[in-house]
Amino acid sequence: MGIAKCEQDDHHHEKDGKNQSALGGVLAKVARCCDRMSVILAQSVDMSIENFAEPFKDYISLSSSMKKILLNRERALETHELALSIRGKKETSLNAIKASTTDKHTIEVATAALENAQNNVDETQQELKEITNSALNEKKRFKVEKQKDIKHALRSFVQLQIKEAEATAQAWKSILVTLEHEGKKISNDMI
């Protein structure tokens with residue numbers, strides 16, 4: 001795109017600069033192309049950074065989401081461990097009550113408390129299992145997406161670099177052809 005503009009401008013300058021020597025015209029063309037190529041290169045770098053950085057922004061977002069999921073799992077684990085601790089205390093309390101009294105009402109209350117604690121353990125265990133499965137699935141998806149996105153970003157970056165390098169090479173080749181043409185013209189003018 002910029003190279004075609006470079007060549008178009010060069011053709012325009014060649015018409016305007018009839019008083020310049022043939023070699024001077026070629027040197028001017030080289031200078032103008034160098035200036036334009038530096039602008040094109042700067043634009044290419046900006047585009048490369050943008051294309052290359054975007055997937056990493058998504059990666060950071062996914063990473064933050066994954067962190068939240070793992071924190072939720074950690075809280076669920078802590079809640080489950082607390083429920084296990086409470087159940088253990090209720091069980092110890094029931095055993096102590098059974099050893100010290102034969103009062104059916106006291107034993108029934110302690111048994112009901114142990115059953116409630118066991119229900120709480122079962123609920124927190126189920127919640128922990130669901131959160132753990134979700135976290136593992138999300139972690140697996142995260143790894144796959146991360147690898148896919150990074151691979152895509154690298155591929156796009158390399159393809160852009162190849163395209164720019166080919167365009168740059170083509171621009172320099174056109175200058176070389178012009179230089180050779182002008183060289184023949186100078187040789188013919190000297191004869």
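This dialogue walks through how to read a few features of the structure above.

Trainee: What should I know before I start?

Mentor: This is a predicted model: local features need pLDDT of at least 70, side-chain atom pairs count only at pLDDT 80 or more, and totals for chains, interfaces and linings use all residues. Residues are numbered from 1 along each chain as its sequence is written, and side-chain values use heavy atoms, with hydrogens and water left out.

Trainee: How many helices and strands does the chain have?

Mentor: Start with the rule. Helices (H or I, at least four residues) and strands (E, at least two) are DSSP runs, numbered from the N terminus. Here the chain has three helices and zero strands. Along the sequence, the pattern reads α-α-α.

Trainee: What share of the residues is buried?

Mentor: Buried means under 20% relative accessible area, exposed means over 50%, and partly exposed lies in between (1.4 Å probe, protein chains only). In this chain of 191 residues, 21% count as buried.

Trainee: Which residues make up the largest nonpolar core?

Mentor: A nonpolar core is a set of buried Ala, Val, Leu, Ile, Met, Phe, Trp, Tyr and Cys residues joined through side-chain atoms within 4.5 Å. The largest one here has five residues: Leu-94, Ile-97, Ile-107, Ala-110 and Leu-114. H3 gives the largest share, three residues.

Trainee: What does Leu-114 touch?

Mentor: Contact means heavy atoms within 4.5 Å. Leaving out residues up to four places away in sequence, Leu-114 touches Arg-87, Lys-90, Glu-91 and Leu-94. Now take the whole chain. Among contacts with a separation of 6 or more, 82% join residues 24 or more positions apart.

Trainee: Which residues form a nonpolar patch on the surface?

Mentor: Patches are made of residues with over 30% relative accessible area and no salt bridge; like charges are joined within 9 Å, nonpolar side chains (Val, Leu, Ile, Met, Phe, Trp, Tyr) within 5 Å. A salt bridge is a side-chain nitrogen of Lys or Arg within 4 Å of a carboxyl oxygen of Asp or Glu. Here Leu-23, Leu-27, Leu-176 and Leu-179 form the patch. H2 and H3 each give two or more residues to it. Leu-176, in helix H3, is partly exposed because its relative accessibility is 46%.

Methods: Areas by Shrake-Rupley, 256 points an atom, 1.4 Å probe, with all protein chains shown as cover.
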